[in-house]
Each structure stands twice: as C-alpha cells, then as structure tokens.
Amino acid sequence: MSKTQGENAFGMKMEIEEWLVGANYKIEFLELASSYQTLAKKVGRSEQIETVALYEKIHDYFHLIQTNGDEVPAQVPQELIEQHIQKVDDEQRYFCIEGNIISTKPKWNLCIPLYQNDKCFGLIIHTFLNAGAAKSFMNKNLSLDHFESLFAQGYDRDRANSIGIKRDLLLQVTKKCHGSMDIREVLKQIVTALNQIFPNGTVHLYLTHEWKVDQDLSIKPLMYGIENSNRFAEHAYLKGELQVERAGRNINIYAPLRGKQAVYGVVELEVQMAKPLLKYEIEFINMLADTGGNALENAELYQQSRNLNHDLQLINQTTHQLNTHLRLKDTISFMTKQIVVSFGAEQVGFVLFESGGDIKVMKGSTPAFESTSLLTVLDQLFIEMKHNREPQFIGDSQNHKLFNHPKYRTLLAVPMIQSGVLKGAVIVLHSKAYRFSYDSFKLLQSLVRHSTLAFTNAMLHERLEKLVITDHLTNLYSRNYLDQTIYESLENDGYGAYLLFDIDNFKQVNDNYGHQTGDEIIVQVANILKGSIRDEDVAARWGGEELAVYLPKVELLAAEKIADRIVLAVAEETNPYVTISCGVAYWHKEDCPMSSKELLKMADDGLYAAKKLGKNRSYAQQELHAYKEKA
C-alpha cells in the first residue's frame, strides 16, 4: 500500500498490489474474491461498509457464491441488475442502487458487474449505511480495469480446473469400470466419483438386478407403478433421462444407469446447493452414469456368458451321462446329485404320475420324499400340474395355496413331458425362502427337458427287461433269471439259502376247481412269497406249480424260519385252501462250498423229503442239520 498515491475520506486507496498480496498471487476466482472482500472492508472502513458479496451469473439469476455477511439472499434477478447497467456509460460500469437488494433494510448498494468478452459472468455487491459512503467509495477507490481482467482469468481458470478435474476423474472411472468385470467394483467406482465431486452429498443406488454389492453402499428398491413413492427415480428409469428434483437448497439428481441394451438402475445424488447445477456439472453426472451403465452391462453380459457356458456344460455333461445306458435308479441318483450340487438344493424328488391318479416316488430321490406327509402337502401342486402342465416357482411357501410346508420354503417344480404325454415331475426344495434364482429355475427346466427322454428310455428298457425275465402269470422272476442270480451270488457272496416250494395236491385242485382256479392259486402263493421276502431276495416261478426263493447272505436258521412262515401263510390265506411243501438248501463259501447244480439238487431233495413226511412243511437235508449242529 502506498500513501503517496493519496488518502481519501476513508484513509486508504484500493491498490492492485495490496489485493494480490491477500490473494497470495493465485489467479483463482474464489481466492481473488476472498482477498477482495478483505481489502474492500478495510478500504471502506468496517463501520461504513457492511457487506461484500460475490455472485455468479447462472441462467437468469446471479447466484451467491461467497459473502462476509449474514442475511444475504441466495440469488438476485438478472433483470433487476440489467435495468441499472443500461443507465451507466461504458467507461463506468459500476453503479449505486438504493434499496434492499441484499439486505432486509433499505441500504445503499454499490454494484460492480464482472465481464469477460462483453459477457457478464458475475457481480460484486457492497452495502453501505449511507449514500455518501457508497458514492465516495465508488468515486475515489475503484480501479475497475486493474482487477476485472484478473477476475475473468480466475473465473476461467476455476471453470477449466473444475472441468478438468471432472474430465480426469471420468477418464479414471471409465478405465477402472471397463477394466473390471466385477459389478461390485463398478458400482463402488460410481459412488466414489460422485462423493469426490460432491463431498457434502449423499449417493443412493436403485438397481434392477439382485447384485451383490458392498454393504456400505446405500441401496434402494427400484419400484414403479402404483406402489412407487419416488416418481423421479421411476421416470429416470422408464424414460432413460436424467431427472432433477429441487426443494429449496436441497437438490436430488436421478441419473439412469444406461447401457446399450437396457437401463440397469438409477443413481441418486442428494446434495444441498445454493445455486443451480451448471450445465457441465449435469453433463458430468450424466456421463458418469452412462459410463457406469455401460460397464454394468458389460459385466452383466460377461457374467451371463459365463453362466450360459456353465449351464451348457452342465446340460451336455448330464445328457452324455444319461445316454450311457444307466439303469433307471442310477439315472435318478445321478440327476439328483447334479441338482443338489449345481443348485444348492436340499431335497430333490422325481415322481411319476401313474394311471388312476397314484403318485410314485422314483428310487434315487432324496430321503424327504419317502415321507407321506410331504407328498400330502404336495398333492394340490400335483393336481395343478396335471391340469395345466406348467412349471411352478414358489419363492416362499408360507400361506401359498399350492404348497405350504413348515420346513421347506422354496420350491421348484418342473413337469416331465415326453411326446406330449405328462410322465411326472421333478421337485426341488430348500428350507430358506427365495433360495433359488429365476435363472436357476430356467436351467432346471432345460435339464428336465433334456433328461426326460433318457428317463423314459430307461423305464422302457427296464420294463422290457422285466418282461424278458418275468413270468407272465405270477409276475415273479423267470427260472433263467433265478439261475443267473444264484450263479452270481455263488461267485460274489459268502453264503446264502435256496427255498424250493411245491403246491400240495395241485392236480386235485385243477380237477376239482378247473385250471383257471388253479392259475389263481398259483398267483395267490406267488403274492405271499413276494410279501414275505426282502427287496434283494429273488422269488421266481420254477415251473408249473413249483415256485422258488433265493436268499443271498442269509444263514440257515433264518432261511428255515422264512420257509416256515411262508408255509403257514399259504395255509391260512389261500382260497380255495391249499398247502405247500418246501425244501431248504444252504451254502457257505468256506464251510459248505457248493455249485449251483448241487444247491438246486439239495433243495429238491429237501422238498421230496417234506412231501414224504406229510406235506405242508419245510425240510432241510440232514447233511445241513449236521453242519448246523457242528457250527
């Protein structure tokens, strides 16, 4: 400051050097404005000058960006200022206004418009207690040419820096987003960038997909229609256009996350601002959202391609395995394991819809489907599926009309249809609600569609195989199958027993009742045999009225008890009344080795002995009794 340049009524003159010292020689808009405010208060004397406020012109208003006063309006109409600008000549652009432009009480306002290339970009307003102080300050202390160009340079530099920062940040985000196929990382980059530019703002995300995101991100449900409470977010999503909601100083910006194929959500920026957003700020938010939307689309397409590749591999692997001529039980067991592993299912059931409305659970399903209570709960679902043949996806079974189970909350049900005929259904269960995604539901439909033919072929194969090895009258196994079973058991097992039965006095039954009744008697005895043995035991028709049972891995004493039980049951349950005789043979690989021929002869000898002893009994050869006593 140089007093040689003269002192005025205020005691000092506003010098450019003094001003730049306060600004630390930084040609930056806000720095210059702050330094100017400090110096103007000193020059105008604090008891005379009340407020120095700096405004930036945006659209049709001058918006406050900095002040040292308290009750200062956030904006001044451009029209009001222009009325006074027109009244002053080009050499003196600053002017005084009497009134309450930026104060609640009438004051004197000294206004200095700021120009760049004849375009007004800002305004400085000083308020004074009286007209004399304002006019004295205006007439003797202003040197507009000295600082107007500096303000313009600072304004340009600030805008350039702000745009540059946003451009560099956008470039950085673009590189990171498109270099990552992790959706969580993409969303995090979008939020981080907005937080850097608007540190006082809050960012929320409305997402269309159930993506896994970081817990510190604010996620809101994206809803539309009558249930939606946020119309701006809805419009941004449906129209694919940025929406701005303003209430006082609060601004909410809703930018759609647009990809080339779809909109993947909306990013909401909630911030308090005294002035409107500049055009380049809105463009930055829009471009950032577009960058995020494209990156989300790429990441989603990448994930979809990986999922599709995995699904195709699963389908191909499953189809290949099913075409290796597995038996039906093995086919079901393989498919059950595939679904448990690939879908994270807890229970998997394969059911057949038989004629007459019966439901048959196929062997190879998980244990829960052995429960009649579960099948009872599923009954309504089966009725619906038989009616419309549509797959069912139940995310939460509580209070659901088709399936309401206390333990299992999520259900997938896919019908098995082959050549237009409904064969059955595949049921997948989990105890947690909404455990399976819709993509899993579609994949299960593909798996079932590709595997139903294999199931059908396996069932037909086993049915044909059973016809070959089954006696058509009794539905017992054929003699050839029995011989093969005995041969394999002698090779692979350690011991076993063979029972040979004959219906006593069967010729008299045929003579007295006829051959049709004789056949019915044979069927009755066959049914008693099947109901008296295990699944792994083999009952067969030996020939005529002779029937046989082979018991793998059964000791002699147990075999004799089984024979006696069958003999007793026949005498009690047949109608017309008949009795049977039984010969029991036993073998042991170490203590009593035997060929199949020897085993069959020993059983036949035992049957002959039972007949001689009076019939209606079982008999084990004395050699076996001797072995039993020795053991």
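A: Let me begin with the cut-off for burial: a residue counts as buried when its relative accessible area is under 20%, as exposed when that area is over 50%, and as partly exposed in between. Please keep in mind throughout that this is a predicted model.

Q: Okay, so with that cut-off, is Q445 buried or exposed?
A: Q445 has a relative accessible area of 15%, which is under 20%, and therefore Q445 is buried.

Q: Where does Q445 sit, and what is it in contact with once its sequence neighbours are left aside?
A: Q445 is found in helix α11, and if we set aside the neighbours within four places in sequence, Q445 is in contact with P391 and V414.

Q: What about L443, where is that, and is it buried or exposed?
A: L443 lies in helix α11, which covers residues 438–469, and its relative accessibility is 9%, so L443 counts as buried.

Q: How far is L443 from F343, in sequence and in space?
A: The two residues are 100 apart in sequence, while in space L443 and F343 are 9.4 Å apart, taken from C-alpha to C-alpha.

Q: Switching to rings: how many aromatic pairs does the structure hold?
A: There are 6 aromatic pairs in the structure. One of them is formed by F232 and Y254, whose ring centres are 6.0 Å apart and whose planes are at 15°, so this pair is stacked.

Q: Which residues form an aromatic cluster?
A: One aromatic cluster is formed by F393, Y438 and F441.

Q: New topic, helix packing: how do α12 and α16 sit against each other?
A: Helix α12 (residues 479–492) packs against helix α16 (residues 596–612) at an angle of about 120°, and their axes are 10 Å apart. As for handedness, the crossing of α12 and α16 is right-handed.

Q: Which residues meet there, and what classes are they?
A: From α12 the residues are D483, I486 and L490, and they meet S596, L599 and L600 from α16. Sorted by class, the contact has 4 nonpolar residues, 1 polar and 1 charged.

Q: Last topic, the backbone: where is there a cis peptide bond?
A: A cis peptide bond joins N575 and P576, with omega about 0°, and P576 is found in the loop between α15 (556–573) and β20 (580–588).

Q: Which residues have a positive phi without being glycine?
A: N505 has a positive phi of about 55° although it is not a glycine, and K553, also a residue other than glycine, has a positive phi near 55°.

Q: Where are they, and how accessible is N505?
A: N505 lies in the loop between β17 (495–503) and α13 (506–513), and with 36% relative accessibility N505 counts as partly exposed. K553 is in the loop between β19 (546–552) and α15.

Definitions and conventions. Residues numbered from 1 in each chain as written. Predicted model: local features only at pLDDT ≥ 70, side-chain atom pairs only at ≥ 80, totals over all residues. Heavy atoms only, no water. Axes fitted to C-alpha atoms, helices over the stretch in contact; angles between N-to-C directions. Helix = DSSP H or I, 4+ residues; strand = E, 2+ residues; numbered from the N terminus. Left-handed = near helix turned anticlockwise from the far one by under 90°. Contact = heavy atoms within 4.5 Å. Nonpolar A, V, L, I, M, F, W, Y, C, P; charged D, E, K, R; others polar. Phe/Tyr/Trp six-rings, centres within 6.5 Å; stacked < 30°, edge-to-face > 60°. Buried < 20%, exposed > 50% of the residue type's maximum accessible area, 1.4 Å probe, protein only.
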